[in-house]
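Hello,

Here is the structure I promised to pass on. Please open it first, then read my notes below.

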Amino acid sequence: MRDVTARPRRVSLGPIALTLPAVVGLLLFFVAPFVTFAVYSFMTSGLFDVSQPFTTAAYETVLGSEVNRTLARNSFWTGLFAASATIAISLPIAFWLRYAAGRWQVPVLFLITGTLFASYLVRIYAWRTILGRRGVLNTGLESLGLIDNPLEFLLYSRFAVTIALVHIFLPYTVLVLYAAFGPIGSGLLEAAQDLGAGAVRRWTRVILPLVAAPAASAFVFVFVLSAADYVTPEFLGGSNGIMLGVRVKENFIATGDWPVGAALALAMLAAFVLLYALVTLALHLVGVRRVRFVT
Amino acid sequence: MRTDRQRSPFTGAVVLLALLFLYVPLAIVVLFSFHATGALSFPFDGFSTRWYREVLTSDEFRSAFRASIIVAVAASVGTLVIGTMAAYGLTRVPQRVRPPLAFLFFLPLTLPGLFVGIGLLSWFTKLDVQASLTTVTIAHLVYVFPYFLLIAGAALDRLDIALEESAQDLGASPWLVFWRVTMPQVWPLLVGATCLAFALSFDEFVITFFVIGPDSTLPMFIWSSLRRTVDPSINVISTLLMAITLLLWVVTFAFTVRSERQRRRTREAATPGVLA
């Protein structure tokens, strides 16, 4: 907090004027588009456009469709697997970076964040190259004589989608959790050790309660971005790994039924908000409120 | 200061495996970009740069590359101007205006690209705006702005406002204060944030897909090759794309480290107690 009592500050309109281009830009190209597609979800379909009258028909189509329910289940499980795996792998990495890395800290942090800059599409492509029927993994194992026939389950499955999503989001969550470990001094861990806590108890009683809040928000972040993804499932998911995002995209690009696409998108958003509320509530129930870090 | 290193063989092993998991797939793409044959499978048949020659001389690649550069330059320079103004304003607006402004500014971070994409598509259609590189640039501005603001805002937020006030009291105009007092302290991070904006824009696909029109950017080019049959030139384009964004990341990292050092020096030089 800055001390501003010393001298009355001149109130000026300057700072507000400086933010105006950004405010106008976001209202025009972020808020207005959002409102537009929200309104479209209540309209009647024209091909690649909408028309009057206002109706809830799109929502009835979306909620009544058996296919959508299957896709929603796919999205849910993929999001859950991807987010759980990402967080479970990030926690020990963040721990190592904070407490055990020593002089390796900066180089490893650089290496991990460096992969953030490998294009999203390139990663999807890389996994397709690896997991394909005639892919690197299958042909590699064959030339080593470990398998005779290519493993078919690798590509075009929920497994392939999940592994690519973990690959995409891992660097982000490592960064977030590493930042979360920042204020927790190593003295706290040593104290727990001196009091007789083993490695497992140090994790469950000291570390996890302290990083639960940021870990939960990272979990929701990965879940939402995974469940709403439309590119990874299209290229790696095959027929049983397809997800809701692909359906939204197809309604807007291929079939041109915009109200149904918009209604589906809004239903997804509502589910995400609900998930966020549930996670917050769950944290509250187990006693993690605003976490006070001890240094 | 005591530097206690915890010994933790388990987490160390996870780090090693994670690095392999992160890098092996990317290394394979790079490796096969130099493959002598078109096959994307083992055994590896020797090195060649033929795919590079093929890609670099292809018109399709060149026009996509040009489009990507145009959009990324426009988006990152636009963000530099609008974002610096917004960040500067945000740190100096009255307290009660700040939370709603910050909420609006960071809102785009919370919405997956799919929703931003279909929103812009609906909105541009409603306004009768033809999809073009201009609409792509607008979409990218919305996308990179909050990331730029995160870095620029942090840089401007930790400045000592007393320095600016002293300059003002000594008769400097706001413009002069900005260029002679504020900018010298924050420019390395602004350069870093601009590079980040460039890299994000250069790589953007999820939103671009909905607003692109007849042109093609590099990610769009990769996407369309992904839909075709196995094409070894994707490895080359992917490798080039990674090399460019990695270079920008190195620049960002270097400028961030530089700004950290500069800040530490300033702190050490300052009389204790003044900057507490």
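Start with a group of rings in chain A. A:Phe76, A:Trp77, A:Phe81, A:Phe219 and A:Phe223 make up one aromatic cluster. Keep in mind that this is a predicted model.

Next, the aromatic pairs. Over all chains, the count comes to 32. One of them joins A:Tyr99 and A:Phe181. Two values describe any such pair: the distance of the ring centres and the angle of the planes.

Where do A:Tyr99 and A:Phe181 lie? A:Tyr99 is in helix H3 of chain A (residues 66-100), and A:Phe181 is in helix H7 of chain A (residues 158-181). The pair therefore ties together parts that are 82 residues apart in sequence. A:Tyr99 has a relative accessible area of 3%, so this residue is buried. A:Phe181 is buried too, at 0%.

Now chain B. The charged end of B:Arg92 sits over the ring of B:Tyr88, 4.0 Å from the ring's centre.

Then look at B:Val93. This residue is in the loop between helix H3 (59-90) and helix H4 (98-110) of chain B. Is B:Val93 buried or exposed? B:Val93 is buried, because its relative accessible area is 4% and the cut-off is under 20%. Leaving aside neighbours within four places in sequence, B:Val93 is in contact with A:Pro15, A:Ile16, B:Arg98 and B:Leu101. B:Phe34 is another matter: B:Val93 and B:Phe34 are 54 Å apart in space, C-alpha to C-alpha, and 59 residues apart in sequence.

Best wishes

Conventions: Residues are numbered from 1 along each chain as its sequence is written. Chains are lettered from A and ligands numbered from 1 in the order in which they are written. This is a predicted model: local features need pLDDT of at least 70, side-chain atom pairs count only at pLDDT 80 or more; totals for chains, interfaces and linings use all residues. Side-chain values use heavy atoms; hydrogens and water are left out. Rings of Phe, Tyr and Trp (its six-membered ring) pair if their centres lie within 6.5 Å; planes under 30 degrees apart count as stacked, over 60 as edge-to-face and the rest as tilted. Helices (H or I, at least four residues) and strands (E, at least two) are DSSP runs, numbered from the N terminus. Buried means under 20% relative accessible area, exposed over 50%, partly exposed in between (1.4 Å probe, protein chains only). A charge sits over a ring if NZ of Lys or CZ of Arg is within 6 Å of the ring centre and within 35 degrees of the ring normal. Contact means heavy atoms within 4.5 Å.
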